[in-house]
Every structure is written in C-alpha cells, then in structure tokens.
Amino acid sequence: RKPAVYVFGGVLLLWSVMNLWHIGAYSGWEAYYGNAIKTNPGSGLANLNYGSMLRDAGKWEEALPYTEKGVQLSPDYVDAKVRLAEVYFQLKRYPESIKIATEALNKEPNNTQAMQFRGSAYGASGQPAMAEQDFKKILEIDPKNDHAMFNLGIAYKDANRLPEANATLTKLIEKNPDFPNAYFERGFCYGRMNDFLKAKEDMELSIAKQPEHAPSYFFRGRCYDAMGN
C-alpha cells in the first residue's frame, strides 16, 4: 500500500542520516574507541581495549592511563590486571608489575600469563629465585610453554646456576631448534664457564638464525679473543 512505502522510505532516510552522522566513529580504531570512551566514560572495557590497541601499536606510555582506568572501572576483571602488568613491565616499572600480577593470581592462581609477567618482572628486578618459582609453576601447568622454559633458564643464569641454566636451555633447543636466543644464552653461559669453544659454536648458531643480532657477534669475538685468535 502507498502509505507503507512512504513510511518505509521515511525510516530508511532517517536511518541513513543517522549512519552518516555516526560514520566518523568507525573510520578507525582510534576514532571508534575514542567515541566509545567519550559517550560512555564509565566503560572499563572501552578503556581497556583502547589501551590494548595502543599497546599493539607499541605506544606503551599512552596505553598506561587507559589500562589503569580500565582496571579501576573493572576491578574484578582479571584480564584487565594482566594487561596492566604487561604495560608496567614494558615500562620497566617492575614492582608495580609484580603487585598487579599478584592481584590477578590471587583471583586466578593458575593464570599463566600473569605468572609470565610477574616472573619476568622478578627476573628483571634482580630476584631470580622468585622468577624461578613462577616459571616452574607455568611449566607444571603447561609443559609445552617454550617461553617459560627459556625464562627458567635465564633465571638460573642470573642466579649463577650455570649448569642448570645450560641443561634447561639445551632441553629447549632439543624441543624447539628454532629458538635463536636459546643458543645465545647457552653460549653466554658456556663463556662464563670458560668453555669458549662451545660458546663460540653457540654464538655461530645464534648468528645463523638471527643475522642482525649484534650481541652474538660481540660475544663470538670475545670467544675468539679468549682462545688467542
């Protein structure tokens, strides 16, 4: 019927005008989440997602206030605390990363991501024994976690437990030969144990897998020097 056509046309026109009005909010993630936060400033998820997009763009300083606000607005959301622990870690604010990761683990004791960030923050702040506990726990929950095994090896290295570090890194290399930093760190341990031939061999393997890794060349040079070449 004619009236129905006019009504439908009117609704379609109104809908089109509304879409044109709002289309700017969908021109990209920055516009989308910026609009979401502006229209609903109490949304913890909008703040967290905006912070996560900034994180993915490598803008850690810019991501921090949005991630912190997301945690403040959604205090029971464990993933928010995990994301904040990562931001603090990347900004080298290790005590804060440890604190917020611990809060996440108090709610979810087997959250391996929270353990990963807390263990890394412990290690970076000179607490290898605490780091060791977190990485061992991750491997109990997920024995296939290569990054936890690598970080456990680094915790042993930082604690000067070099044979244990080498054994752990060797196990990782046998499991995953395409983990280049495992060769570098194992070679570094061999160097500290004065086994410069093995250290040089590992540095060469590291260079073969990551030709732009300057430290591998530097320490290979140190090995040649120690062997009188």
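I began with helix 11 (residues 180-192) and helix 12 (residues 196-209), which pack at an angle of about 160° with axes 8 Å apart; helices here are DSSP runs (H or I, at least four residues), numbered from the N terminus, and axes are lines fitted to C-alpha atoms over the stretch in contact, with angles from 0 to 180 degrees between N-to-C directions. That makes helix 11 roughly antiparallel to helix 12 (over 145 degrees).

I noted that the contact (heavy atoms within 4.5 Å) includes Tyr183, Phe184 and Phe188 of helix 11 and Phe196, Met203 and Leu205 of helix 12.

I worked on a predicted model, where local features need pLDDT of at least 70, side-chain atom pairs count only at pLDDT 80 or more, and totals for chains, interfaces and linings use all residues. Residues are numbered from 1 along each chain as its sequence is written, and side-chain values use heavy atoms, without hydrogens and water.

I then turned to pockets (on a 1 Å grid over the protein atoms alone, open sets of points where a 1.4 Å probe fits, with protein on both sides within 12 Å along at least five of seven lines; lining residues have an atom within 4 Å of a point). The largest pocket is lined by 17 residues, of which Ser120, Phe135, Phe150, Asn151 and Ile154 lie nearest its centre, and helix 9 gives the largest share of that lining, six residues.

For the second largest pocket I listed a lining that includes Gly187, Phe188, Phe196 and Met203, and I found that helix 11, helix 12 and helix 13 (214-226) each supply at least two of its lining residues.

Key: Parallel < 35°, antiparallel > 145°, perpendicular 65-115°, else oblique.
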